[in-house]
Amino acid sequence: MSNKIKVSTPGRICLFGEHQDYLGLPVIAAAISKRVSITGENRNDGKAIIHLPDIDDEISFEIYPELPYLHKRDYFRSALNILQRQGYTFKKGLECTVQGNIPINSGTSSSSALLANWIHFLSRIADEPNPLSANDIAEIAYRAEVVEFNEAGGMMDHYSTAVGNVIYLESTPAIKVETLKPAFGSFVLGDSLEPKDTVGILKRVKYGVLEAVEKIKIAYPDFSLFNVQQEDTKTFASLITKEELDLIKANIDNREILIEALALLKAKTLNHQRFGELLNQHQLNLQALLKISTPKIDRMLAAAKASGAFGGKINGSGGGGCMFVYAPENPEEVAKSIEKEGGKAYVIQIDEGTSFEN
């Protein structure tokens, strides 16, 4: 009898806290109704065969403990290695097909969603299936993507795709995940079709902030991004460059925007207009101070708001990729306005996390 199974996992948007996750600061993110699925069953030869029709590719390898990595981000093998270290075995092998509609390399966490989905699938297809909780899937995905390859990344993508809905995530001093369920209407996701400059953006923004913090701490050892206020920036402005000061100011303001947003999303009645305004404030910092937006994305956001969207922002590391707007009224018209500016638009909803679909 076939044991064919199907699991799926959503992409995500970052509502508040863009470029704060890797600094240990809180974030608010949401799973979206764009998903990746894996459908598969066991084989009898100990091989893994992974069909990838969306990109016209196929991966095949023998499964055995501590698989060697053939490239830097070899997530199919890293997840298998971690699960085997935890006692899972895959002597039967497996064959599966991966398909999805999450925009790829556009800031919507297509790779983290695929990895979380792969881990979910493996926990169910193993010789002795032992399905993992959403939080466990997220934690293993983080290890498989970031820790295993010594990458510089946070946990937002893994927890938001695995847990689903809207989450508030703290990673310092300990992981805290809180699921929120505000009464949201539709969002519109807009892919600029511009390639992201993730490496360049992270080099300038992430390491710019970290270098500024180290400079400030020489004179002020107790300095922390968790409690510094805007008025405090006057005391250390001469210690860092103008660009570094802008990065620090943006982080402070975005931290405070998130605090207000969290209270807003926990309220009994959602203030839809204020939610949109907070997205706009966040975008202003991302565009003017962090400088991660692009002229095309700025035009897409402006067109969407002119068509009735309440507010929006760039999504992901920046320098290209996607933006999104909150558009509970006439989202189809908002989508058309984005496409008139040369983007690819999708009306989306907040969605559940990784799920078993059989």
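## Strand β8 and its partners

In this predicted model, strand β8 and strand β10 (residues 322-326) run antiparallel and are joined by five bridges. One of the pairings can be followed residue by residue: Phe187 has Tyr326 as its bridge partner in β10. Strand β11 (residues 344-348) also runs antiparallel to β8, again with five bridges between them.

How many of the residues of β8 are buried? Five of its five residues are, and the strand is mostly covered. Follow the strand along and you will see Phe187, Leu189 and Asp191 pointing one way, while Val188 and Gly190 point the other way. In a regular strand, side chains alternate between the two faces of the sheet.

Now turn to the largest nonpolar core, which has 50 residues. Phe90, Leu94, Trp118, Ile119, Phe121 and Leu122 have the most contacts inside this core. Helix α2 (residues 110-125) gives the most to the core, contributing eight residues. There is also a second, separate core of 36 residues, and Ala212, Leu245, Ile248 and Ala327 are among its members.

Leaving aside residues up to four places away in sequence, Leu94 touches Trp118, Phe121, Leu122 and Ile125, among others. Its other contacts include Ile49, Ile63 and Ala48, as well as Glu41, Asn42, Arg43 and Lys47.

## Backbone details in the loops

In the loop between β6 (166-170) and β7 (176-180) you will find Pro173. The peptide bond leading from Thr172 to Pro173 is cis, and its omega is near 0 degrees.

The last stop is Leu193, in the loop between β8 (187-191) and α5 (198-219). Leu193 is not a glycine either, and has a positive phi of about 65 degrees. With a relative accessible area of 57%, Leu193 is exposed, whereas the five residues of β8 are buried.

Notes. Residues numbered from 1 in each chain as written. Predicted model: local features only at pLDDT ≥ 70, side-chain atom pairs only at ≥ 80, totals over all residues. Heavy atoms only, no water. Core = buried A, V, L, I, M, F, W, Y, C linked by side-chain atoms within 4.5 Å. Buried < 20%, exposed > 50% of the residue type's maximum accessible area, 1.4 Å probe, protein only. Helix = DSSP H or I, 4+ residues; strand = E, 2+ residues; numbered from the N terminus. Contact = heavy atoms within 4.5 Å. Pairing = 2+ DSSP bridges.
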